[in-house]
Amino acid sequence: MENHKRLKIGLFGFGVVGEGLYKVLKQTPSLKAEIKKVCIKHPGKQRNAPSNLFTTDKDDLLNDEDINVIVEVIDDANAAFEIVSTALKNGKAVVSASKKMIAEHLPEILQLQLETEQPFLCESAACASIPVIRNLEEYYDNDLLHSIKAIVNGSTNFILTKIIEENLSFNDALLLAQQLGFAESNPKLDVEGFDAVNKWTILLSHAYGIVEHPSNILFTGIQNIQLTDAQVAKEKHFEIKLVAQAKKLQDGKVAAFVLPQFVKQEDHLAFVKNEYNGVVIESGFADKQFFYGKGAGSFPTASAVLSDLSALRYGYRYEYKKLYHHNPHELTQDFYLKVYVSFDDWKFISKEKFEWIEEWHAGEERKYLVGVLHAKELYNTNWWKENKISLILLPEPVIENVDIVKLKKRSLELAGII
Ligand code: HSE
């Protein structure tokens, strides 16, 4: 696309994000971007825009040569992939907010960008208003990025805040997240961690050049967290957060997962409440950096789409430097995790699966233990998600192979066994 070119937009979707973008664009005339047509699924709905703007025929947008950018903010991942592929092949730049679609079709989307040489930008697909993708792309060299941990789902963070700090019930908190437009139309995607792992898949490609299907990343959501877990967290002066993280290990491989975690009160992520997201990056020389901003909602998400549109005017595209210009990193399952596990009955827990157990407590209702598991145990089994078992990582949860023998010996000494 020519520099500073006027953008003629074909917009797919007029829900929370689409309508937000429509309003935001009206307030930013300096961007020189205009929505020519909006493609929607249900024509009967009352909408706050002139009716001649709308169509239900996707070809009205995809085949219009006057339209040079397709913005796609729809819910249906399969339809979104169709739209994005056709748009790129038809020589149009694309801005997309469809996390699920991008995560599930990452290899194809990378290939399409190479073949068509069209830009594909998706800043709004991860952490909404926080400019995390462009930062990971442009700012951090591969060698220097030691770790990245983040709260990437606004709804679950909102629900945890409301339940733990304001005593709302889970259902009331979820309903509120839905009413405020934070939750996915199928809220299971938020609650059970699917949305977070989709976003993490996207961010891993920009951070480390890792291209993996989300199903190959270890994850769960907040569905099994109990109020008793929140009480334990309080006693230990921790917060509970759903944390996505990636850490470069000493062998150069990357440990990456999305799991609930006890977070120390002085940790930056403890400060992230409600629908806000936060990203903590540890890199060589710079040490720690913290990004914070709204991670869901109409205008915060539209602001990221707007920023992508603005970047398109200046010919910006992702270079995927970590993937194409460095040695891309590999994911590993070969590490250990320090976990807290709470459960109703000991019969659901096989103690021998733990490398060691350093604390346990058996209350009438709920019991818990703190111990160390090999990550493969979590990758390859599901017992820790079943029977209302709640697994929460401890702060600094990753233990590397090289450290495990030393730590095992120390824990046995402390327990008085050797
Ligand atoms: N459901 C998503 C969230 C919306 O709660 O984070 C923003 O991607």
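This is a predicted model: local features need pLDDT of at least 70, side-chain atom pairs count only at pLDDT 80 or more; totals for chains, interfaces and linings use all residues.
**Ligand site**

The shell around the ligand is made up of K99, N153, G154, S155, F182, A183, E184, D190, D195, K199, G295 and A296. On the backbone, a polar atom of G154 is 2.7 Å from an oxygen atom of the ligand. The side chain of S155 places an N or O atom 2.6 Å from an oxygen atom of the ligand. A nitrogen atom of the ligand lies 2.8 Å from an N or O atom in the side chain of D190. Taken alone the ligand exposes 250 Å², and the protein buries 93% of that area.

**D190**

D190, one of the residues around the ligand, belongs to helix α9, which spans residues 188-191. What is the nearest side chain of opposite charge to D190, and how far away is it? That side chain is K99, at 5.8 Å. The cut-off for a salt bridge is 4 Å between a side-chain nitrogen of Lys or Arg and a carboxyl oxygen of Asp or Glu. D190 is buried yet has no salt bridge. Its side chain does make a polar contact with the side chain of N153, at 2.8 Å. Leaving aside neighbours within four places in sequence, D190 is in contact with N153, S155, T156, A183, E184 and D195. N153, S155, A183, E184 and D195 also belong to the ligand shell.

**Salt bridges**

The structure holds 21 salt bridges.

| Pair | N to O distance |
|---|---|
| R134 and D308 | 3.1 Å |
| E138 and K321 | 2.8 Å |
| R366 and D344 | 2.9 Å |

The salt bridge between R134 and D308 links distant parts of the chain, with R134 in helix α6 (residues 132-138) and D308 in helix α12 (residues 298-313), 174 residues apart. D308 counts as buried because its relative accessibility is 0%.

For R366 and D344, both partners are in loops. R366 lies between β14 (356-362) and β15 (367-374), and D344 between β13 (336-343) and β14, so the pair ties together parts that are 22 residues apart in sequence. R366 is buried, with a relative accessible area of 10%, whereas D344 counts as partly exposed at 28% relative accessibility.

Elsewhere, K8, K36, D64 and D66 are linked in a network of salt bridges.

**Positive phi outside glycine**

H237 has a phi near 60 degrees, a positive value in a residue other than glycine. H237 sits in the loop between α11 (227-235) and β9 (238-248). Is H237 buried or exposed? At 53% relative accessibility, H237 counts as exposed.

N387 is not a glycine either, and its phi is positive at about 50 degrees. The loop that holds N387 runs between α14 (375-380) and β16 (390-399). With 43% relative accessibility, N387 counts as partly exposed.

Note on methods
Residues are numbered from 1 along each chain as its sequence is written. Side-chain values use heavy atoms; hydrogens and water are left out. Helices (H or I, at least four residues) and strands (E, at least two) are DSSP runs, numbered from the N terminus. Buried means under 20% relative accessible area, exposed over 50%, partly exposed in between (1.4 Å probe, protein chains only). Lys and Arg count as positive and Asp and Glu as negative; His and the chain ends are not counted. A polar contact is a pair of N or O atoms within 3.5 Å; within protein, one must be able to donate a hydrogen and the other to accept it, and residues adjacent in sequence count only if both atoms are side-chain atoms. Contact means heavy atoms within 4.5 Å. A residue is near a molecule or strand if one of its heavy atoms lies within 4 Å of it. Accessible areas come from the Shrake-Rupley method with a 1.4 Å probe; for residues, only the protein chains shown count as cover.
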